[in-house]
Amino acid sequence: MPFDALKPKVTTILAHDKESIGQRLTEICELLQTTMGYYDWVGFYFANHKEKTLHLKAFAGEPTDHTVIPFGKGICGQVAETNSNFVVADVKAQNNYIACSMYVKAEIVVPLFKDGKNVGQIDIDSHTEDPFSEEDERFLEWVNQQVAEIL
Ligand code: SME
């Protein structure tokens, strides 16, 4: 499904204000993970700036042990500090990488800004080699902007 067809579904999920934010984020993770063939794991981490840690709030895919990640550690922890998208075509080429599954070949992490502050991120793991394009980046930035509206 093209990203343009996914967008109204994301908007509809986020508008369900009788559901908790965690439930709505889980539904977005499930939508993206089941629709996009190369999105094998999708999760949202949120920052605790005092402790300098990221906390997994919602996900779809295999459960991970890495529910708390210190700033600076792994791809996620680096994005907490750089405030920039991190697209990893080949996770084996990364020294500062936290492996969640032996099947993961690539990863994309896009920061989520609320009122200009980096408050979290969407993280996607792929079992496909080098699958992410600028289209994924623009789409995931858009998803994060929509999520920021309900935080
Ligand atoms: N691979 C990530 C850790 C989180 S898992 O992908 C779910 C990283 O290096 O930060």
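The legends below describe close-up views of one predicted model. In this predicted model, local features need pLDDT of at least 70 and side-chain atom pairs count only at pLDDT 80 or more, while totals for chains, interfaces and linings use all residues. Residues are numbered from 1 along each chain as its sequence is written, and side-chain values use heavy atoms, with hydrogens and water left out.

View 1. A polar backbone atom of I75 is 2.9 Å from a ligand oxygen, and a backbone N or O atom of C76 lies 2.8 Å from an oxygen atom of the ligand. From D125, a polar side-chain atom lies 2.8 Å from an oxygen atom of the ligand.

**View 2. The aromatic pair of F3 and F139.** Rings of Phe, Tyr and Trp (its six-membered ring) pair if their centres lie within 6.5 Å, with planes under 30 degrees apart counted as stacked, over 60 as edge-to-face and the rest as tilted. The whole structure holds seven aromatic pairs. In one of them, the ring centres of F3 and F139 are 4.5 Å apart and the planes stand at 20°, so this pair is stacked. It links distant parts of the chain, since F3 belongs to helix α1 (residues 3-14) and F139, 136 residues away, to helix α4 (residues 134-150); helices (H or I, at least four residues) and strands (E, at least two) are DSSP runs, numbered from the N terminus. F3 has 12% relative accessibility and counts as buried, as does F139 at 2%, where buried means under 20% relative accessible area, exposed over 50% and partly exposed in between (1.4 Å probe, protein chains only). Together with W142, F3 and F139 form one aromatic cluster.

**View 3. The aromatic pair of W41 and Y45.** The ring centres of W41 and Y45 are 6.4 Å apart and their planes lie at 40°, so the pair is tilted.

View 4. N118 lies in strand β6 (residues 117-126) and, at 9% relative accessibility, counts as buried. The N118 side chain reaches the backbone oxygen of V79 at 3.1 Å, and a polar contact of 2.9 Å joins it to the side chain of N83.

**View 5. Loop residues.** Most residues other than glycine have a negative phi. K52, in the loop between β1 and β2 (53-60), has a positive phi of about 60° although it is not a glycine. D115, in the loop between β5 (106-114) and β6, likewise has a positive phi, near 50°, and is exposed, with a relative accessible area of 76%. G37 lies in the loop between α2 (21-35) and β1 (41-48) and is exposed, with a relative accessible area of 68%.

Conventions
Polar contact = N/O pair within 3.5 Å; in protein donor to acceptor, adjacent residues only side chain to side chain.
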